[in-house]
Amino acid sequence: MKKMRIVIAGCGNVGAELAQQLSQEGHSVTVVDTDAKRLSDVSSLYDVLDVAGNCATKRVLLEAGANGADLMIAATGSDEQNLLACLLAKNLHAKHTIARISDPDYAEQMALLSDDL
């Protein structure tokens with residue numbers, strides 16, 4: 001399997017689990033979160049880089065290496081932040097993006113955004 005550069009936004013349960021699994025598979029993983037303690041916990045347990053900040057900003061995504069990343073996964077607790085982070089990452093030439101969406105109203109709109117995401 002090819003080693004991928006992956007950025008994960010959000011270090012909650014989902015983000016931490018993804019970071020664990022993907023880093024154990026040998027991928028280059030960077031996690032992004034605004035919570036320094038969560039970042040510290042995840043980066044001390046797994047072989048990942050961490051970036052503190054808002055994943056829905058270009059500066060933070062550039063610092064995390066989203067520009068040209070193989071995969072951007074936005075798994076924060078905010079649907080809006082996840083959508084914005086993925087749209088920005090795609091504009092920064094991330095090859096693939098995945099946004100965690102829980103609100104059914106947004107899920108219905110995904111057909112309109114599928115080409116952008």
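**Before you look.** Helices (H or I, at least four residues) and strands (E, at least two) are DSSP runs here, counted from the N terminus. The model is predicted, so local features need pLDDT of at least 70 and side-chain atom pairs count only at pLDDT 80 or more, while totals for chains, interfaces and linings use all residues. Residues are numbered from 1 along each chain as its sequence is written, and side-chain values use heavy atoms, with hydrogens and water left out.

**View A. Five strands line up in an open, parallel sheet.** Reading across the sheet, the order is S3-S2-S1-S4-S5; two strands count as paired if DSSP finds at least two bridges between them. The edges belong to S3 (49-52) and S5: each has a single partner strand, so one side of each is left without a neighbour in the sheet. On average, neighbouring strands are turned by 15° against each other, direction ignored. The axes behind this angle are lines fitted to C-alpha atoms (for helices, over the stretch in contact), and angles run from 0 to 180 degrees between N-to-C directions. As a bit of background, strands of a sheet pair through backbone hydrogen bonds, either parallel or antiparallel.

**View B. Strand S2 is flanked by S1 and S3.** On one side, S1 (residues 5-9) and S2 pair in the parallel sense over five bridges. Look for Ile 8, whose bridge partner in S2 is Val 31. To get from S2 to S3 the chain goes through H2, making a right-handed β-α-β crossover. Right-handed means that, with the strands pointing away from the viewer, the path from the first strand over the helix to the second runs clockwise.

**View C. Thr 30 sits in strand S2 (residues 28-33).** Buried or exposed? Thr 30 counts as buried, because its relative accessibility is 8%; buried means under 20% relative accessible area, exposed over 50%, and partly exposed in between (1.4 Å probe, protein chains only). Leaving aside neighbours within four places in sequence, Thr 30 is in contact (heavy atoms within 4.5 Å) with Ile 6, Val 7, Ile 8, Leu 49, Val 51 and Ala 64.

**View D. Helices H2 and H4 lie against the sheet.** H2 (residues 36-45) lies across S2 and S3, and runs at about 160° to S2. H4 packs on the sheet too, touching S4 (71-74) and S5, and its direction makes about 175° with that of S5.

**View E. Helix H1 (residues 13-24) has a buried side.** H1 has 12 residues and reaches 17 Å from its first C-alpha to its last, close to the 16 Å expected at 1.5 Å a residue; the expected span is 1.5 Å times one less than the number of residues. Its buried residues are Gly 15, Ala 16, Ala 19, Leu 22 and Ser 23. They cover an arc of only 140° around the axis, which puts them on the same side of H1; the arc is that of the directions from the helix axis to the C-beta atoms. The cover over these buried residues includes S1, S2, H2 and S4, whereas the face turned away from the buried side carries the exposed Asn 13 and Gln 24. Leu 18, also in H1, is partly exposed, with a relative accessible area of 25%. Not counting residues up to four places away in sequence, Leu 18 touches Ile 8 and Ile 73. H1 is followed by Gly 26, with a positive phi near 95°.

View F. H4 has 13 residues and reaches 18 Å from its first C-alpha to its last, close to the 18 Å expected at 1.5 Å a residue. Which of its residues are buried? They are Asp 79, Asn 82, Leu 83, Ala 85, Cys 86 and Ala 89. Their arc around the axis is only 165°, which puts them on the same side of H4. An α-helix has 3.6 residues a turn, so residues three or four places apart point the same way. Just after H4, His 93 takes a positive phi of about 75°, and this is a residue other than glycine. His 93 counts as exposed, because its relative accessibility is 62%.

**View G. Ser 102 is in the loop between S5 and helix H5 (104-113).** Ser 102 is exposed, with a relative accessible area of 60%. Its C-alpha and that of Asp 47, 55 residues apart along the chain, are separated by 29 Å.
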